[in-house]
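Student: Can you walk me through this structure? I'd like to take it piece by piece.

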Amino acid sequence: MINASPPALSLRGLVKRFDTKLAVAGIDLDVPAGSFFGLLGPNGAGKTTTLSMAVGLLRPDAGRAWVLGHDVWADPVEAKRRLGVLPDGVRLFDRLNGTELLAYQGLLRGMDPAVVDRRAHELLDVFALADAGRTLVVDYSAGMKKKIGLACALLHAPRLLVLDEPFEALDPVSAALIRDILHRYVAGGGTVIFSSHVMEVVERLCSHVAILADGQITAIGTLDDVRRGRSLEDVFVEVVGGRVATGQELSWL
Amino acid sequence: MAVTAAGAGANDVGPVRGVRAGHFVLLKLRVLRNGFRGQTSRIVLFVLGMLFGLWFAFGGFGLFALSAAHDSEFSVLVPAFGGAALVLGWLFMPLVFFGVDETLEPARFALLPLPRRTLVGGLLAAALVGVPAVATVVATAGLVLGAAVHGGATAAAIEAVGVLTGVVLCVSVSRAMTSAFASMLRSRRVRDLAAVALAVLAASLGPLQLGAVAAARRADLDQIVRIARVVGWTPLAAPYTAGFDVADGLPLAAAAKLALSALTVAALLFWWSRTLESAMVGSVSGGPARAGQAAGWRGGAVEQLFPRPLGFLRRNRSGALVAREVRYWWRDARRRANLITYSVIGVFLPLVINLSSGGALLQGQSGVPRTPTTVTGSMLFVGTLAAVTLANQFGFDGTAYAAHIVAGVPGRLELRSRIVAYSVYIAPLMTVIAVAVAVVLGEPGWLPVMLGGLYAAYGTGLAVILFVSVLGAYALPDSSNPFAVNTGAGVAKGLLSLAGLVGSLVFAAPFAVVSAVAGDAWRWFALPVGLAYGLTAAVLGCYLAGDVLDRRAPELLAAVTPRR
């Protein structure tokens, strides 16, 4: 990218090995500021591992990551200030209710209590979580947990949102709502990178995509560059190399 | 819910093969083996556990065999008291120190069509396959040898049956108790009842020990033998004394004792199966929370986070951390269980030690009068034990800690807020304990010394435990049982607690030494000096351990993430 401003997220040579398995095998990635970036990949491709290393939750074996020009591992305070994260498969502080959780996140980010109050109200309202009242987050449904997690990531108005599987477990109404919110966020100058394996969502939302398979990026570019006139699903299956049913299997079903 | 083998074919779901206990044992072994794959630290822990087990097994075997074979009253005393101590150990140790190994978590079987009887039998069989159970069998096998010396082959055979019944009793007692307490502490309604029940249990140890020590001090052998015979008829020691009754020519008594043991096991297993079901159904939380309760706002969102008694806290990062921790110590069943267990033990341990002159016994001589020094000694223990509760404080929250990493919470702030929040509960509790002990002993003048010792030990304990909690954190299973630990983690938990306890006591020792040698003026200095000593240690620990935490926050997160 030849650009005056640094990329919103920049990864160079990220490597992570678990025991004997190479989960991420050297990833270089630039997420341009103001883009809506989709990270695609089959199960176990290394999406979560990559994003965890990008936001400072998992120490890479090699490589570096920058958020808007700030090194995540060398200068974490500045990098994390600009970053909102929705991790996947990670618990929230779920013995708080939704309101308390948002207040907690806001104060943890060093925000002014009055601002926290105002934004928490608004977020609970928009995400239709205000009805949950004092229900503890641990008792929320899976979709509600996703929503409150996203609200937590948005609360401090970060410049970069890193979302791991944000649309999983969401019903169509909530999914549409969140698509809408993210769209406006990007239009307002924010940057989103999210992982998914739902093609339609990615096709509908993203300006850029990268396809990850076996810990390596196999295709990257703007949505149209990657698609080249075909459907994203066809490209994905071809690049990843999936197995197609022949009709002989599972005949006893 | 259950589809039994007998009903197979009726609903046309294909042939069903019966599930036997052996399947559970194989499953446990398989899970155990897979857990070791590439996990060097787990293997090391397991080997350490094995070594401990071996040491216990053969040490116990030798002790039991030699003393039981001895031709004297020992053949009455050792099976009775040794057996009872063993069963009581199985009862209390999981609750206090080790937790229960939930390699096979009951909730995972909820969807399988298994009759309750099969499930309980299987889980029991799986629980029997483990280092502690095997070590217990080997150790008590010494009694078989002893019985053989006294009564020949028949007595030995009966004693062997007793030893095997005994280990089943031990395992079922520990499972039934932890499961019952788990389900009680889970429920919002009866959790206070659970605390009382735990207190009564701990309290019942007192009279037992009182009697034992009193008898020992009078050195009236006949009386001790009489007590031993009574204990031998309780379920605690019945299985272990059966063989010796045969040797004494009382086969009927032996048969009755074995029957009593079997009945006890059956009752325990029935109890376990009842609480097991509740654990399988209501697995995550204690029912829907107070959802309907006042959806209205009390102030803004920030005001809602801060508990009312803590309204004075600053509305900033450290205030929020403290407020959240304070809420968590009560709302999280696992933390609450720890808190309650500690408060019960903290109250009864010093009372038992001091009232029964156990303190004198610990000193190695009997008849020494209680002094401020011995009482302070017990206070040191209570204080460090309070800190040890935090040994796996990061494991309690599990992956939720990720939020702190993402928000970039500095390590020192993190640790400081955690100990401040914990002290909100513990400091008043410790003060109450000290006052209670001083009043019961009738020595209110010792209170400053006791409090000083308590705070000094708590502070130094925190300093040591903060390091343990950052460096030795381990994942807790997402189980509804607050006492549950992962495979091998029981050893880790025990070892870390022990290391923390010893380390803390070492650092607190100077205070005890000064107490012992200083004159009367010490009574006035003890409290401020103890406070200052403890505070300095805690602050220093926070400062140094916070640095370590900053350097290895991601590694800590990985350590507390269950089943990576």
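Predicted model: local features only at pLDDT ≥ 70, side-chain atom pairs only at ≥ 80, totals over all residues.

Student: What is chain B made of, in helices and strands?

Tutor: Chain B has 21 helices and 2 strands. Of its 564 residues, 48% are buried.

Student: And what percentage of the contacts in chain B join residues at least 24 apart?

Tutor: The figure is 82%, taken among contacts between residues at least 6 apart in sequence.

Student: Pick a helix pair. At what angle do α11 and α17 of chain B pack?

Tutor: About 45°, with the axes 8 Å apart. Helix α11 covers residues 317-331 of chain B and α17 covers residues 411-441. Angles from 65 to 115 degrees would count as roughly perpendicular and those under 35 as roughly parallel, so α11(B) and α17(B) are oblique to each other.

Student: Is the crossing left-handed or right-handed?

Tutor: Right-handed, as α11(B) passes α17(B).

Student: Which residues make the contact?

Tutor: From α11(B), they are B:R317, B:S318, B:L321, B:V322, B:E325, B:V326 and B:W329. The α17(B) side includes B:L413, B:E414, B:R418, B:A421 and B:Y425. Sorted by type, the residues of this contact are 10 nonpolar, 2 polar and 4 charged.

Student: Now the other chain. How many residues of B are in contact with A?

Tutor: 37 residues of chain B, against 38 residues of chain A.

Student: Which helix of B gives the largest share of that side?

Tutor: α11(B), with 7 residues. Helices α10 (301-305), α16 (402-407) and α21 (553-560) of chain B also supply at least two residues each.

Student: How does the B side divide into nonpolar, polar and charged?

Tutor: There are 19 nonpolar, 10 polar and 8 charged residues on the side of chain B that touches chain A.

Student: Switching to the sheet in A. What is its strand order?

Tutor: The order is β2-β1-β4-β5 in chain A, an open sheet of 4 strands with antiparallel pairing. β2 (21-31) and β5 (70-71) of chain A each have a single partner strand, so one side of each lacks a neighbour in the sheet.

Student: How many bridges join β1 to β2 in chain A?

Tutor: 8 bridges, with β1(A), residues 9-18, running antiparallel to β2(A). A:L14 stands opposite A:I27 of β2(A).

Student: Which helix packs on that sheet?

Tutor: Helix α1 of chain A, residues 47-55, which touches β1, β2 and β4 (62-67) of chain A. The direction of α1 makes about 120° with that of β1(A).

Technical notes. Residues numbered from 1 in each chain as written. Chains lettered and ligands numbered in written order. Axes fitted to C-alpha atoms, helices over the stretch in contact; angles between N-to-C directions. Parallel < 35°, antiparallel > 145°, perpendicular 65-115°, else oblique. Left-handed = near helix turned anticlockwise from the far one by under 90°. Contact = placed C-beta atoms within 7 Å. Nonpolar A, V, L, I, M, F, W, Y, C, P; charged D, E, K, R; others polar. Buried ≥ 20, exposed ≤ 12 C-beta atoms within 10 Å, placed from the backbone. Pairing = 2+ DSSP bridges.
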